[in-house]
Amino acid sequence: MDFGAGWVQYLFSGLTTGAIYALVAIGYNIIYNVTEVINFAQGEFVMLGGLMAVFFVGTLHFPIPAAFVCAVLTVSCVGLAMDRFVLSRARNKSVLSLIIITIAVSILLKGAAMFEWGKDPYTLPPFTQGEPITIFGAALQLQALWVLGIVALVVVLLSIFFHRSMYGKAMLACADNPRAARLSGIPVRQMVLLSFLLSAGIGAAAGAVITPISLMEYDRGALLGLKGFGAAALGGLGQFFGALAAGLFLGLAESFCAGYLSSGYKDAVALLLLLMVLFFKPEGLFGSREAAKLKRF
Amino acid sequence: MRSMRQGIGMAMMAAAFLGAVLPLTASPCMAADKEPYKIGAIFSVTGVGSFLGEPEKKTAEMIAADVNKNGGINGHPLELVLYDDESDTTKCNLNFKRLAKTDKVPVVIGPSRTGESLAVVGVAEDMEVPVITCASSYKIVTPIESRKWCFKVAGSESDVVGKIYDHMKSKGITKIGVMCDSTGFGASGKEELVKLAPEYGITIVADETFGPKDTDLTPQLTKIREAGPQAIVNWSIGPTQILAVKNWRSLKMDSIPMYQSHGFGNRKNLELAEGAAEGVLLALARVNVGPLLPDSQPQKPVIMAYKKAYEDLYNEPVSSFGGHAWDSMNLAIAALKAVGPDPAKIRDFVENTKGFVGQHGVFNFSPTDHGGLSKDDLEMVVVKNGDWALAQ
Amino acid sequence: MQKRDWLIFLAVAVFLAIFPFIAARISAISHYIDIMVFAGIFSIVSLGLCMLMGYAGQVSMAQAAFFGIGAYTSGILTSHFHWHPLPAIPIGCLLSAAVAWLVGVPALRLKGHYLAMATLGFGEIVHIVLNQEVEWTGGPSGLVDIPSLKILGVRISSEEAWYYIVWTAALCTLIFCFNVLRSRVGRALRAIHEEETAADAMGVPTARFKLQVFVLSAVLAAIAGSFYTHYVTFLNPGTFDLMWSIRFVLMVMLGGVQSLWGAVLGTVLLTFIGNEWLRVFADFDILVYGAILLLVALFLPDGLVSIFPKGRSASGNV
């Protein structure tokens with residue numbers, strides 16, 4: 001038995017899937033931080049990103065980088081519209097109403113995608129053509145490198161944005177205390193719009209970059225959303241690096257569980273992990289206990 | 001705000017009321033000399049099974065229009081009452097009762113999938129309405145004592161597995177790895193793969209599962225590779241079957257031949273796999289490979305005729321699923337032509353149908369076999385130059 | 001129950017009693033009775049959920065899982081072990097209650113999104129188990145050969161019989177829930193819903209009451225699950241996934257989360273909308289469904305009962 005190759009292969013697979021979960025989780029966090037809303041339509045942004053990229057490449061024959069950017073921009077606008085036309089009307093609703101509203105939006109987005117693209121899966125050509133690289137006997141697809149690269153890029157850009165730019169700092173301030181932020185002159189309303197824009201764009205980037213590997217169809221969003229949600233909770237809601245680490249961890253846990261334990265129960269393992277964390281450390285694996293005290297569980 | 005809220009609420013109530021009353025007013029009036037013959041149909045036109053229901057619906061509608069253009073059945077116009085079960089067992093159950101009670105159809109074709117079909121077999125028995133399903137599980141027609149009114153036109157998994165195992169045996173393959181998705185389709189495939197393996201002297205050295213929406217199957221394939229099989233069988237539907245092929249190729253496992261289930265028998269899959277599917281083997285019904293068949297094959301004329309009609313009308317290739325609808329629809333029409341709209345007589349007619357040449361084979365039903373097909377109705381097919389070819 | 005509720009109850013009961021006769025007269029709606037059977041079954045689930053969400057103020061996205069535990073317990077006991085369906089029902093309830101208790105103890109310490117998340121995760125785990133334990137549950141292809149309900153040796157197969165059984169059970173559940181709400185428990189629940197910290201400070205054992213209502217909702221879901229099993233005589237895991245949990249929440253929301261009548265109304269409407277009235281829209285139904293949800297959540301957060309001016313105040317002080 002070639003133990004080494006298997007191990008490395010599971011690692012590659014887990015990192016690729018985990019990176020996507022991480023991006024979805026970061027999307028949840030951005031919106032949650034500013035609005036305390038969990039946007040259940042986050043997975044649909046991923047689906048839309050993938051299918052939009054297919055549209056720009058397949059129908060309009062854009063080169064891939066242009067299609068990628070266009071897909072991200074289009075979906076960002078969808079996110080913006082979602083806040084502007086739907087959620088802004090429901091600011092003071094209960095948690096339950098907000099959950100239902102975002103679920104309704106996700107159903108609408110899914111339905112719209114079904115009309116536009118039908119029910120068949122679509123694929124994209126990989127961003128760079130070429131044979132998979134072999135490392136320690138395990139194959140690594142070039143597209144997987146793109147996935148990891150884009151996740152790294154998003155994380156770096158986001159941390160620069162949040163710690164260096166005025167807007168980013170303002171958003172963090174909204175997250176800490178919206179009322180205080182408003183009092184100190186931060187336009188909270190704009191920050192909310194910005195958070196939807198960013199989070200939809202990040203979701204779309206994830207969708208566009210994963211499509212060459214895993215294909216994309218109209219009803220893929222829900223499961224990706226659920227997994228990303230798990231990662232967000234696992235890392236502690238609102239924690240960016242927590243989401244990144246938890247996303248990768250979740251991907252790896254699934255991949256190794258499928259490899260060494262049972263492939264049928266791999267999804268259950270991730271969920272069980274999530275339950276344990278919620279029950280015993282609700283602030284998330286990487287959340288701080290002190291910050292958690294300020295929030296309501 | 002309050003009054004607006006009430007207004008909206010009232011409007012919604014009114015809409016709901018209209019929805020309730022609408023069916024009362026919309027009774028179709030047909031200007032025909034003879035009373036129309038009805039065929040009920042339930043397909044998964046939307047939801048996860050839509051890739052089955054969509055071509056089935058199109059085929060059934062095409063045939064119904066064709067029959068009516070040619071003077072109907074013995075002069076009676078044909079009315080197809082088609083409902084979508086949305087791939088949901090509860091809805092399917094309700095649809096069946098609606099067909100039997102409100103629409104009073106003498107025979108039902110569909111549902112598309114095993115789960116939905118099993119949810120109506122009990123009702124069909126209770127209401128004594130024959131149902132000709134397009135799903136494949138043997139559970140739909142066994143035990144035969146409690147499945148008097150149930151027929152199926154899709155070949156059993158055991159036939160497909162038998163055909164694949166025959167081919168493996170002829171190539172000297174004895175150790176295989178199996179991967180199935182966690183849907184009803186994958187589960188029943190796995191059941192047959194495991195059950196029939198000893199009969200053909202085959203050992204399953206790896207047995208993996210994955211979800212229908214999984215994005216990466218390399219862990220499963222890697223685990224299979226480590227068990228050292230001589231061939232891999234992938235049994236899934238939807239995007240994962242393309243994913244399996246792509247991952248198999250990118251892991252450079254193409255020295256181990258890959259067999260797919262009959263679910264792979266859609267030309268679109270070959271496009272989506274972008275060349276990665278070269279060399280994949282599968283057992284397919286002849287409807288998929290019409291042009292490859294020798295002219296002496298008895299099914300060739302009906303397959304070519306259906307292919308031409310469907311492709312001219314809808315501008316998309318035929319699929320084996322549409323073929324199921326063709327078979328069940330034409331069986332129902334044949335029964336109506338022979339015995340008229342009497343459920344019990346239709347049941348007896350279908351049960352005694354022999355040598356019915358359809359898209360999926362030559363059907364021979366009997367009181368002990370409500371499936372009517374065997375593994376000889378399948379062809380072993382290989383992907384060659386992005387197209388199907390008969391395998392040696 | 002107040003006098004007003006009794007009057008509504010009487011009106012509803014009379015309507016339900018004569019509905020089959022009306023439906024049978026009009027051929028275009030003669031199948032409505034089948035839909036009403038499902039609506040009745042789902043009402044039992046949503047009544048339990050309404051107690052939990054509307055009165056104890058706790059969200060559960062796992063109701064389909066308890067529905068499934070009841071359904072599969074009944075299904076497995078009657079098909080594998082050839083039990084009579086009637087004794088199988090309480091076993092399902094017990095199992096469901098036990099699971100609810102085990103999950104509820106840690107989960108109900110959480111609030112809002114976190115509780116939603118925890119119950120959702122639990123629900124998905126149950127769904128995965130139903131899918132994977134092929135030997136017992138039949139796996140994704142489903143559990144077959146479940147007998148129909150038998151009472152005193154008579155097999156219940158007619159729709160009308162099922163209709164009356166199911167709706168009698170639903171109305172009994174309704175009366176039971178009204179009585180619970182009028183008792184000490186009900187007052188405590190409303191206190192929890194209003195302000196949990198204050199209730200706690202006043203010496204209301206909030207944790208215990210929340211847990212009890214959670215277990216109650218699970219037991220009601222399990223009873224409904226048993227009915228479903230023997231009515232359809234077939235089970236597959238698709239009926240017990242997250243989508244169905246969300247559907248149950250919607251049923252309660254649509255009618256009005258703070259009203260037991262609302263839960264029943266919402267359930268009946270949503271069952272008809274989902275199975276019958278959206279048919280005219282064919283492929284567009286998913287969009288219409290989404291739009292309805294959105295409109296209700298945005299403009300009618302208190303559900304359809306809020307359009308009946310008096311109903312609102314009455315349900316406020318049951």
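Reply: Let us begin with helices and strands, which are DSSP runs (H or I of at least four residues for helices, E of at least two for strands), numbered from the N terminus. This is a predicted model, in which local features need pLDDT of at least 70 and side-chain atom pairs count only at pLDDT 80 or more, while totals for chains, interfaces and linings use all residues. Residues are numbered from 1 along each chain as its sequence is written, chains are lettered from A and ligands numbered from 1 in the order in which they are written, and side-chain values use heavy atoms, with hydrogens and water left out.

Me: Where is B:I73 placed?

Reply: B:I73 lies in the loop between α2 (50-69) and β2 (78-84) of chain B.

Me: Is B:I73 buried or exposed?

Reply: Buried means under 20% relative accessible area, exposed over 50%, and partly exposed in between (1.4 Å probe, protein chains only). B:I73 counts as buried because its relative accessibility is 0%.

Me: Which residues does B:I73 touch?

Reply: Contact means heavy atoms within 4.5 Å. Not counting residues up to four places away in sequence, B:I73 touches B:Y37, B:V67, B:L78, B:I333, B:L336 and B:K337.

Me: What is the largest nonpolar core?

Reply: A nonpolar core is a set of buried Ala, Val, Leu, Ile, Met, Phe, Trp, Tyr and Cys residues joined through side-chain atoms within 4.5 Å. The largest one here has 252 residues, and C:I41, C:F67 and C:L260 have the most contacts inside it. Helix α2 (residues 32-55) of chain C gives the most to this core, namely 18 residues.

Me: At what angle do helix α3 and helix α11 of chain C pack?

Reply: Axes are lines fitted to C-alpha atoms, for helices over the stretch in contact, and angles run from 0 to 180 degrees between N-to-C directions. Helix α3 (residues 63-79) and helix α11 (residues 242-255) of chain C pack at about 110°, with their axes 7 Å apart. Therefore α3(C) is roughly perpendicular to α11(C); angles of 65 to 115 degrees count as such, under 35 as roughly parallel, over 145 as roughly antiparallel and the rest as oblique.

Me: How much area is buried between chain B and chain A?

Reply: Buried area is the accessible area (1.4 Å probe) that two parts lose on being put together, summed over both. Between chain B and chain A it is about 2,800 Å², of which carbon and sulfur atoms give 52%. The contact takes 30 residues from chain B and 40 residues from chain A.
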